[in-house]
Amino acid sequence: MAPEGRAAYSPDQSDRPLLNVDVQAVLNALTDEFMSTSVVKVRAGIASTDRNTAALAACLELERRGLAEHTGSLSRSSLRWRRASYRPERTSLPVNVRCDHVHLRSRNAVAAAHFYIDLFGAREIRREGSPVVSRVTIDLGGLTVFIEQTAEGTASAPAQPHLGTEHIGFGVEDIEQAYAHVQRHGIEIISGINDVNPSLRTVFIKGPDGAIIKLLQRLPHP
């Protein structure tokens with residue numbers, strides 16, 4: 001892992017040569033969370049016939065440029081990668097900050113709201129616009145969610161991986177029960193139950209308008 005106190009890389013990379021296709025794809029695939037080289041390879045869309053060689057080389061090149069960092073030994077299966085932890089000098093707001101809402105856009109705001117209401121027990125707070133609904137506001141597990149009706153021709157969400165929001169995470173008490181629940185409702189499953197580590201189990205599903213939803217169960221540390 002990059003040592004504490006390492007010099008932060010500059011976000012201005014204009015003085016560096018363009019990245020080749022594999023390196024750029026790997027950079028797009030990396031997140032703030034550590035992942036194995038094989039996961040990086042899959043997320044970057046590198047051919048499955050390659051035995052992690054291209055992905056590893058790309059990760060090493062990104063690390064050389066200050067764009068990635070690793071933990072674990074380069075010669076062992078414990079090796080994990082993530083984007084470099086660039087932290088510009090900032091000061092926090094001198095007031096308390098809380099999460100107020102999440103704002104989603106949808107081709108059918110009413111139908112999208114009912115997805116979260118019917119599947120996850122969200123509660124509709126209000127609708128705006130008449131006779132055409134322009135926004136539905138719901139309470140989802142204590143989080144206020146605005147679902148805006150978009151105009152025709154609004155572009156779809158880009159295919160993963162992309163920058164910005166990656167997914168929405170919903171904590172559940174029993175991942176197997178939650179998995180069976182979404183299966184019964186015919187929801188598209190992106191990936192089934194995954195034991196990420198002894199304390200975390202996840203499922204990924206497809207939500208309205210291409211939203212990726214992560215269901216996760218956190219377990220006590222062994």
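This briefing walks through the main features of one protein chain, grouped by topic. The model is predicted. Its secondary structure comes to five helices and 11 strands. The chain has 222 residues, and buried residues make up 32% of them. Among contacts between residues at least 6 apart in sequence, 50% join residues at least 24 apart.

- Strand 3 covers residues 80-83, and strand 1 covers residues 35-36.
- These two strands run antiparallel and are joined by two bridges.
- Ser-36 has Arg-80 in strand 3 as its bridge partner.
- Strand 2, residues 68-71, also pairs with strand 3.
- That pairing is antiparallel too, and it runs over four bridges.
- Within it, His-70 stands opposite Trp-81 of strand 3.
- In a regular strand, side chains alternate between the two faces of the sheet.

- Leu-67 lies in the loop between helix 3 (53-64) and strand 2.
- Leu-67 and Ser-85 are 18 residues apart in sequence.
- In space, the C-alpha atoms of Leu-67 and Ser-85 are 8.4 Å apart.

**Helix 2**

- Helix 2 spans residues 37-44.
- Its buried residues are Thr-37, Val-40, Lys-41 and Ala-44.
- They cover an arc of only 100° around the axis, so they lie on the same side of helix 2.
- An α-helix has 3.6 residues a turn, so residues three or four places apart point the same way.
- Just after helix 2 comes Gly-45, with a positive phi of about 75°.

**Aromatic rings**

- The structure holds three aromatic pairs.
- In one of them, the ring centres of Phe-115 and Tyr-116 are 5.1 Å apart, and the planes meet at 85°, so this pair is edge-to-face.
- Phe-115 and Tyr-116 are both buried.
- Phe-115 also pairs with Phe-120: the centres are 6.1 Å apart and the planes are at 70°, so this pair is edge-to-face as well.
- Are the two partners in that pair buried or partly exposed? Phe-115 counts as buried because its relative accessibility is 15%. Phe-120 counts as partly exposed because its relative accessibility is 24%.
- Ring pairs link Phe-115, Tyr-116, Phe-120 and Phe-170 into a cluster.
- Elsewhere, Arg-135 lies over the face of the Phe-146 ring. The distance to the ring centre is 4.5 Å.

**Helix 5**

- Helix 5 spans residues 175-184.
- At its start, a side-chain oxygen of Asp-174 reaches to within 3.0 Å of the backbone nitrogen of Glu-176.
- Which residues of helix 5 are buried? They are Ile-175, Ala-178 and Val-182.
- These residues cover an arc of only 60° around the axis, so they sit on the same side of helix 5.
- Gln-177 and Arg-184 are exposed on the other side of helix 5.
- What covers the buried residues of helix 5 includes helix 4 (109-120) and strand 9 (189-197).
- Strand 10 (200-206) and strand 11 (212-218) are also part of that cover.
- Just after helix 5, Gly-186 takes a positive phi of about 70°.

**Strands 9 and 10**

- Strands 9 and 10 form a hairpin. Two residues lie between them.
- Their pairing is antiparallel and runs over five bridges.
- Ser-191 stands opposite Phe-204 in strand 10.

**Thr-202, a buried residue of strand 10**

- Thr-202 is located in strand 10.
- Its relative accessible area is 2%, so Thr-202 counts as buried.
- What does Thr-202 contact, leaving aside neighbours within four places in sequence? Its contacts include Ile-175, Gly-192, Ile-193, Asn-194 and Val-196. Lys-214, Leu-215 and Leu-216 are also in contact with Thr-202.

Conventions: Residues are numbered from 1 along each chain as its sequence is written. This is a predicted model: local features need pLDDT of at least 70, side-chain atom pairs count only at pLDDT 80 or more; totals for chains, interfaces and linings use all residues. Side-chain values use heavy atoms; hydrogens and water are left out. Two strands pair if DSSP finds at least two bridges between them. Rings of Phe, Tyr and Trp (its six-membered ring) pair if their centres lie within 6.5 Å; planes under 30 degrees apart count as stacked, over 60 as edge-to-face and the rest as tilted. Buried means under 20% relative accessible area, exposed over 50%, partly exposed in between (1.4 Å probe, protein chains only). A charge sits over a ring if NZ of Lys or CZ of Arg is within 6 Å of the ring centre and within 35 degrees of the ring normal. The arc is that of the directions from the helix axis to the C-beta atoms. Contact means heavy atoms within 4.5 Å. A polar contact is a pair of N or O atoms within 3.5 Å; within protein, one must be able to donate a hydrogen and the other to accept it, and residues adjacent in sequence count only if both atoms are side-chain atoms.
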